[in-house]
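Hi,

Here is the structure I said I'd pass along. Have a look below, and my notes on what turned up come after it.

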Amino acid sequence: MASSSSNEKSPSPPPLSPAPSLPTSTSTTTTFLIAALGTPITTSSISVTSPTGKPLYTCTLQTISKPHVTITSISTGARVGTIIFHAFSRSMTLAVFKKDGGRDEIEISHKHVFKSGYQYKSPTLAAEVEWKSFGEGTSVLIDGSGNAVARFNNERWNAGKERTLEVVDGEGREDVALEALVGAISIMESRRRNAKNSIITAGVLGV
């Protein structure tokens, strides 16, 4: 029986593929602009507007108290989503409050060592889906058939910069846009929290 070499290299991450595009039809695509003010340390809220600048949602952030993110509709004042980040884990719990009064709770987590995307069971699409990362700035929500459902341009932190989320919701799938929005905000806020922790750790260690 052959023994393993001590110099054996660890497997390399697979190369990134080009990010898939959304379907060319724009008649069923909803676009959100998502922005946060301040630095990764000082940010306390995130705003969501339409492409025309109309305020749609506001997101209140909490460092310790749960939920860590509360998303509220500006037009109705109703809570439409919450996000909880789990300590010592790369998983999150998302709650999406639908127009019909129902509530979907989603456990979203990393499934692969070398992949930075998140997988979860989508209540609205009734399938396993994945927020798959393509490079530093683009995440695409892929459904169970490999189709792109949403595309989120989540670039490196830049105070006040609007990040674009495009969702193919379609007739009869109004809840898809809301689920994708809560998911995109969870990815954005997770990156901010990681950046904040790195800054604080570097300061403590004097790096």
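**An exposed glycine and some salt bridges**

G144 is exposed, because its relative accessible area of 59% is over the 50% cut-off. Keep in mind that this is a predicted model. G144 sits in the loop that links β10 (138–142) to β11 (148–153). Leaving aside residues up to four places away in sequence, G144 touches A127, E128 and V129. Then there is A126: 18 residues separate A126 from G144 in sequence, and their C-alpha atoms are 8.9 Å apart in space.

On to the charged side chains. How many salt bridges does the count come to? The count is three. Here they are in turn:

- R192 and E189: their side chains meet in a salt bridge at 2.7 Å, N to O. Both residues belong to helix α1 (residues 174–205), where they are three residues apart, about one turn of the helix. R192 counts as buried, with 5% relative accessibility, and E189 is buried too, with a relative accessible area of 1%.
- R103 and E105: the closest N and O atoms of this salt bridge are 2.8 Å apart. R103 counts as partly exposed, since its relative accessibility is 48%.
- D104 and K98: this salt bridge between side chains comes in at 3.7 Å, N to O. D104 counts as buried at 13% relative accessibility, whereas K98 counts as partly exposed at 22%.

As for why such pairs form at all, side chains of opposite charge can pair when their charged atoms come close.

Cheers

Notes
Residues numbered from 1 in each chain as written. Predicted model: local features only at pLDDT ≥ 70, side-chain atom pairs only at ≥ 80, totals over all residues. Heavy atoms only, no water. Helix = DSSP H or I, 4+ residues; strand = E, 2+ residues; numbered from the N terminus. Buried < 20%, exposed > 50% of the residue type's maximum accessible area, 1.4 Å probe, protein only. Contact = heavy atoms within 4.5 Å. Salt bridge = Lys/Arg side-chain N within 4 Å of Asp/Glu carboxyl O.
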